[in-house]
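Hi everyone, thanks for making time this morning. I'd like to walk you through one structure, so please have a look at the screen.

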Amino acid sequence: ADGARVSQYTDLNGTNQQWQLIKIGGPGTPGTFTNPIKQRGPDPWLTYHNGYYYLATTTWNSTITMRRSRTLAGLPSAPDTTVFDLSGRPNGCCNMWAPEFHLLDGPNGRRWYLYYVAGQNVADYNPTQRLHVLESDGTDPMGPYRFKADLGTSWALDAGVLQHGGRLYLMGTYQNGGQSLFIQALSNPWTTSGGQVKITGPTLPWERQTFPVTEAPEPLYHNGKTFVIYSASACWGPDYKLGMLTLTGNDPLNPAHWTKSPNPVFQRNDANGVYAPGHNGFFKSPDGTEDWIVYHANDSASGGCDMNRSTRAQKFTWNADGTPNFGTPVRLGTTLPAPSGEPAN
């Protein structure tokens with residue numbers, strides 16, 4: 001029917017084949033969209049820049065791809081463009097995860113720096129996964145890009161970039177008393193400075209469901225406050241969710257200056273059929289008046305940590321105390337108002 005499609009997907013092992021009916025926004029519903037905005041879209045990063053949304057997600061292969069659209073409703077059908085091919089790299093050829101790109105100052109002016117995870121082409125590739133960064137030739141988010149640097153020689157995932165007090169910091173997850181969050185100073189967008197500092201680990205019961213994990217830290221700024229929203233518990237279980245740190249001091253490298261919220265800030269909603277929502281990013285509406293979260297989630301409690309996770313987006317608000325209120329993850333196919341300032345079609 002118009003405004004709907006049937007989608008078949010299969011997990012990475014070729015099993016658990018499922019069918020689902022998903023309503024999608026179309027030409028007859030201007031000013032709206034429906035989730036998902038990308039099927040097979042884990043670990044999403046979405047930015048609005050110069051009239052377009054740009055979306056990149058995990059590919060689990062040797063390519064980094066990106067798609068763009070003037071509207072969220074246009075993203076599901078937008079073609080993927082390969083912006084970089086990792087083939088042939090000795091320490092990061094394969095298994096590309098968690099791309100995100102930031103427009104930052106470099107020696108040649110503003111450039112896009114695209115951070116990602118990739119490892120070696122071996123059977124047990126996970127221990128080889130490392131952080132890497134590309135640099136664009138100009139100011140187009142789609143590049144072209146050149147390889148810029150490896151960001152460390154030990155296992156690490158899910159790079160995030162914190163900006164505070166005129167300085168840059170690299171954030172991510174590493175092994176330090178469990179899968180914990182680290183922060184590290186950057187002397188420029190591709191060069192670390194000083195050691196990695198652990199700012200939190202999976203200490204609370206809701207961070208330890210299925211397996212103890214804290215990962216995918218993403219900064220969020222509002223009215224002079226700095227938050228880090230991170231993912232907790234195992235991504236291969238239904239209870240993957242979001243937690244929050246607040247910078248309550250003035251030194252991001254001091255663990256004592258971060259305060260952890262005791263409860264999750266975004267989690268599964270069985271009534272809406274949303275499981276394991278996490279690995280988020282943030283973006284502004286085209287007119288800059290609204291705050292939006294992008295994340296991936298599964299459609300069933302048996303969903304895994306694989307390419308069957310889909311990309312979703314929804315608007316969020318702010319509590320009276322200045323903290324974010326992400327609400328409840330919405331059901332797939334729910335018609336939502338498009339971000340403020342989008343073109344009519």
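This is a predicted model: local features need pLDDT of at least 70, side-chain atom pairs count only at pLDDT 80 or more; totals for chains, interfaces and linings use all residues.

The chain comes to 24 strands and 0 helices. What about its overall dimensions? The C-alpha atoms fill a box of roughly 55 × 45 × 45 Å along the principal axes. For 345 residues, a compact globule would have a radius of gyration near 20 Å, and the chain agrees with that at 19 Å. Of those 345 residues, 56% count as buried. The accessible surface is about 13900 Å², and carbon and sulfur atoms account for 48% of that.

Now the sheet I'd like you to find. Four strands make an open, antiparallel sheet, in the order S8-S9-S10-S11. S8 and S11, residues 145-150, are the edge strands with a single partner each, so one side of each has no neighbour in the sheet. On average, neighbouring strands here are turned by 30° against each other, ignoring direction. S8 and S9 are joined by 9 bridges, and Phe-101 has Leu-114 in S9 as its bridge partner.

On to the cores. Which residues touch the most other members of the largest nonpolar core? Among its 23 residues, they are Tyr-115, Leu-131, Val-133 and Leu-170. Strands giving two or more residues to this core include S8, S9 and S10 from our sheet, and also S12, S13 and S14. There is also a second, separate core of 18 residues, with Tyr-52, Met-66, Phe-101 and Leu-134 among them.

Back to Val-133: beyond its close sequence neighbours, its contacts include Tyr-115, Phe-147, Leu-151 and Trp-190. Thanks, all!

Definitions and conventions: Residues are numbered from 1 along each chain as its sequence is written. Side-chain values use heavy atoms; hydrogens and water are left out. A nonpolar core is a set of buried Ala, Val, Leu, Ile, Met, Phe, Trp, Tyr and Cys residues joined through side-chain atoms within 4.5 Å. Buried means under 20% relative accessible area, exposed over 50%, partly exposed in between (1.4 Å probe, protein chains only). Contact means heavy atoms within 4.5 Å. Two strands pair if DSSP finds at least two bridges between them. Axes are lines fitted to C-alpha atoms, for helices over the stretch in contact, and angles run from 0 to 180 degrees between N-to-C directions. The radius of gyration is taken over C-alpha atoms; the globule rule is 2.2 Å times the number of residues to the power 0.38. Accessible areas come from the Shrake-Rupley method with a 1.4 Å probe; for residues, only the protein chains shown count as cover. Lists of a residue's contacts leave out its neighbours within four places in sequence.
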